[in-house]
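The structure is shown first, and the description follows.

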Amino acid sequence: MSDHSSSSWSDRLLGGFRKTSDRLSENIAPVGNTRLDDATLDEIEDALIMSDLGPEAAGRVREALREQRFGSEITERQLREAVAEEIAAILRPVAKPLEVTAFPRPQVILVIGVNGSGKTTTIAKLAHLFMEDDYEVMLAAGDTFRAAAIGQLQTWAERVGVPLVRGPEGGDPASIVFDAVKKATEIGTDVLIVDTAGRLQNKRELMDELAKIRKVLGRLNPEAPHDVVLVLDATTGQNGMIQARVFSEAVDVTGIVLTKLDGSAKGGIVVAVQRELGVP
C-alpha cells in the first residue's frame, strides 16, 4: 500500500486528473460559491459518470458530499478537492508498489496491453525504478511481430542501461522468453521484464500466445510469471474497459498501470477498471 498521506494523495490525483476535474467544472459550471443541493449533486454525479468514473463510484462520491456538505456553500476549489479525496479513498487501499519478492530469482514480470498504450515506456520506467532500488534488471523483447517494438525496447534498454534479450522479427515469442529466463537465472538477475505483443484483433491468437509463454515459463520456474501487469491508456475511456476484459480473460492480470492520465478528461476510468478487475 502507498504510504502517501491523504493530502498528498489528493494533490497527486488533482494533478493527474487535471483534465478530468476541468471537465467536471465545465459540466457543473459553478460561478463563485454554489449551494450543495440535490440539483447540484445530480450535476456532479452526471459529470463524474461522463468522466468514466462509473455509476457506483460516482454515487459514492455524491453520497459523501451529501453527508459532509449538504446545504452549505462550496467553492469550485473545495468541490474539486472533495471529489479528489473521495476518489483517493476508493483507490488508496488498492494502490500498491510492485515488490521484488521472488525466490529463486528472477522475478518475471509480463507486461501486456495494446500497441500505443505506453507499454514500452512503462517497461523503461519500471526498469529505472527497480535499478534505483539496486536490483539487477533485464528486458526481453517478446513482441516479435513489429520490428518497431523491438527497436523501441532496444533504445530504452540502452538509455536505462539494462541488457535486452531479443530475437528476429517474426520469431517465436515463447522461445525468446525461454532464453531470457535462462540467461537471467544464470547471471543472477533480480527482475526480468517481458514485453508482449499488443494485438487484439484475434483474441484466440492472443490467448494462445500468452498461454504458450506461461507454459514455457512454468517449465523453468513454476512460480513465473510472478506479475502480469496490464498497461491501459487513460485517453481511451470506456474502450479501456473493453481492453481490460479481453486481456483479463486471456491471462490472470495481477496489476494495472494507467498511462496518459494527465492527457485525458476520462481519468475516472482508473476507478472503473480497478472495480472491474479487482486488482491493484
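## Helices H8 and H9

In this predicted model, the axes of helix H8 (residues 173–187) and helix H9 (residues 203–220) come within 9 Å and cross at roughly 25°. Because angles under 35 degrees count as roughly parallel, H8 is roughly parallel to H9. The crossing in which H8 passes H9 is right-handed.

On the H8 side, the contact is made by Pro173, Ala174, Val177, Phe178, Val181 and Lys182, and on the H9 side by Glu209, Lys212, Ile213, Val216, Leu217 and Leu220. When the residues of this contact of H8 with H9 are divided by class, nine are nonpolar, three are charged and none is polar.

## Helices H4 and H5

Two packed helices are described by the angle between their axes and the distance between the axes. For helix H4 (residues 55–69) and H5, the axes come within 10 Å and cross at roughly 125°. That angle makes H4 oblique to H5, and H4 passes H5 in a right-handed crossing.

The residues of H4 that meet H5 are Ala57, Arg60, Val61, Ala64, Leu65, Gln68 and Arg69, and their partners in H5 are Gln78, Leu79, Ala82, Val83, Glu86, Ala89 and Ile90. By class, the contact of H4 with H5 has nine nonpolar residues, two polar residues and three charged residues.

## Span and burial of H5

Helix H5 (residues 76–91) consists of 16 residues, and the distance from its first C-alpha to its last is 23 Å, which is close to the 22 Å expected at 1.5 Å a residue. The buried residues of H5 are Leu79, Arg80, Ala82, Val83, Ala84, Glu86, Ile87, Ala88, Ile90 and Leu91, a list that includes the charged residues Arg80 and Glu86.

## Helix H10 and its surroundings

Helix H10 (residues 238–250) has 13 residues and reaches 19 Å from its first C-alpha to its last, close to the 18 Å expected at 1.5 Å a residue. Its buried residues are Gly240, Met241, Gln243, Ala244, Val246, Phe247 and Ala250. Which elements do the buried residues of H10 pack against? They pack against S3, H9, strand S7 (227–233) and helix H11 (269–277).

## Two loop residues

Arg146 is found in the loop between strand S4 (137–141) and helix H7 (147–160), and with a relative accessible area of 30% it is partly exposed. Leaving aside residues up to four places away in sequence, Arg146 touches Asn115 and Gln152. From Arg146 to Gly198 the separation is 52 residues in sequence and 9.9 Å in space, C-alpha to C-alpha.

Pro93 lies in the loop between H5 and strand S3 (107–112), and it counts as partly exposed because its relative accessibility is 43%. Although Pro93 and Pro280 are 187 residues apart along the chain, their C-alpha atoms are separated by 8.5 Å.

## The chain as a whole

The protein has eleven helices and eight strands, and of its 280 residues 52% count as buried. Among contacts between residues at least 6 apart in sequence, 77% join residues at least 24 apart.

Methods:
Residues are numbered from 1 along each chain as its sequence is written. This is a predicted model: local features need pLDDT of at least 70, side-chain atom pairs count only at pLDDT 80 or more; totals for chains, interfaces and linings use all residues. Side-chain values use heavy atoms; hydrogens and water are left out. Axes are lines fitted to C-alpha atoms, for helices over the stretch in contact, and angles run from 0 to 180 degrees between N-to-C directions. Helices (H or I, at least four residues) and strands (E, at least two) are DSSP runs, numbered from the N terminus. Angles under 35 degrees count as roughly parallel, over 145 as roughly antiparallel, 65 to 115 as roughly perpendicular and the rest as oblique. A crossing is left-handed if the near helix is turned anticlockwise from the far one by less than a right angle, and right-handed if clockwise. Contact means heavy atoms within 4.5 Å. The expected span of a helix is 1.5 Å times one less than its number of residues. Buried means under 20% relative accessible area, exposed over 50%, partly exposed in between (1.4 Å probe, protein chains only).
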